[in-house]
Amino acid sequence: MVPPNPQRKQPWVLDKQRYRRRNEVERLCRRFKAWRRVFTRYDKLDVMFAAFITVALVAEALRLR
């Protein structure tokens, strides 16, 4: 959920933790686009596609540390 406009008559409650997690997921998806093989889905088999996503996730996790 995006933060509400402060001038709104009845602004909704913002769950900051949920908003932060959503932002992290969106940034991860953006970084996945740099992995052209994942983004264009060159692999024909679902198993190979899932395996390469796992490799990309591990690489991203190691890069962040």
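Student: What pattern does the protein follow, read along the sequence?
Tutor: The pattern is α-α-α. This is a predicted model. The protein has three helices and zero strands.

Student: What makes the pair Arg 21 and Glu 24 a salt bridge?
Tutor: Set the distance against the cut-off. A side-chain nitrogen of Lys or Arg must lie within 4 Å of a carboxyl oxygen of Asp or Glu. For Arg 21 and Glu 24 the N to O distance is 2.6 Å. The pair therefore meets the salt-bridge rule of within 4 Å.

Student: Where do Arg 21 and Glu 24 lie?
Tutor: Both sit in helix α1, which covers residues 16–32. They are three residues apart, about one turn of the helix.

Student: Why is Arg 21 called partly exposed?
Tutor: Its relative accessibility is 49%. Buried means under 20% and exposed means over 50%, with partly exposed in between. Arg 21 at 49% is therefore partly exposed. Glu 24 has 32% relative accessibility, so Glu 24 counts as partly exposed too.

Student: How do you know that Glu 26 and Arg 22 form a salt bridge?
Tutor: Their side chains meet at 3.1 Å, N to O. The limit is within 4 Å, so the pair qualifies. Glu 26 and Arg 22 are four residues apart in helix α1, and so are separated by about one helical turn.

Student: Are Glu 26 and Arg 22 buried, exposed or partly exposed, and what makes them so?
Tutor: Glu 26 has a relative accessible area of 42%, so Glu 26 is partly exposed. Arg 22 has 35%, so Arg 22 is partly exposed as well.

Student: Which residue forms a salt bridge with Arg 31?
Tutor: Glu 60 does, and the closest N and O atoms are 2.6 Å apart. Glu 60 lies in helix α3 (residues 46–64) and Arg 31 in helix α1, so the pair ties together parts that are 29 residues apart in sequence. By the within 4 Å rule, the count for the protein comes to three salt bridges.

Student: Why can such side chains pair at all?
Tutor: Side chains of opposite charge can pair when their charged atoms come close.

Student: Why is Glu 60 called buried?
Tutor: Glu 60 has 8% relative accessibility, so it counts as buried. The cut-off is under 20%. Arg 31 is buried as well.

Student: Which residues is Glu 60 in contact with, leaving aside its neighbours within four places in sequence?
Tutor: Leu 28, Arg 31 and Trp 35. Take Leu 28. Glu 60 and Leu 28 are 32 residues apart along the chain, with their C-alpha atoms separated by 8.3 Å.

Student: What makes Ala 34 exposed?
Tutor: Its relative accessible area is 68%. Exposed means over 50%, so Ala 34 passes. Ala 34 is found in the loop between α1 and α2.

Student: Why is Gln 7 called exposed?
Tutor: At 73% relative accessibility, Gln 7 is over the 50% mark and therefore counts as exposed. Gln 7 is found in the segment before α1. C-alpha to C-alpha, Gln 7 and Ile 53 are 42 Å apart in space. In sequence they are 46 residues apart.

Student: How much of the protein is buried?
Tutor: Buried residues make up 12% of the 65 residues. The accessible surface comes to about 6000 Å², and 58% of that belongs to carbon and sulfur atoms.

Student: What share of the contacts with a separation of 6 or more joins residues 24 or more positions apart?
Tutor: That share is 22%.

Student: How far apart are the mean positions of the positive and negative charges?
Tutor: They are 6 Å apart, for 17 positive and 6 negative charges.

How values were computed: Residues numbered from 1 in each chain as written. Predicted model: local features only at pLDDT ≥ 70, side-chain atom pairs only at ≥ 80, totals over all residues. Heavy atoms only, no water. Helix = DSSP H or I, 4+ residues; strand = E, 2+ residues; numbered from the N terminus. Buried < 20%, exposed > 50% of the residue type's maximum accessible area, 1.4 Å probe, protein only. Contact = heavy atoms within 4.5 Å. Areas by Shrake-Rupley, 256 points an atom, 1.4 Å probe, with all protein chains shown as cover. Lys, Arg positive; Asp, Glu negative; His and termini not counted. Charge placed at Lys NZ, Arg CZ, Asp CG, Glu CD.
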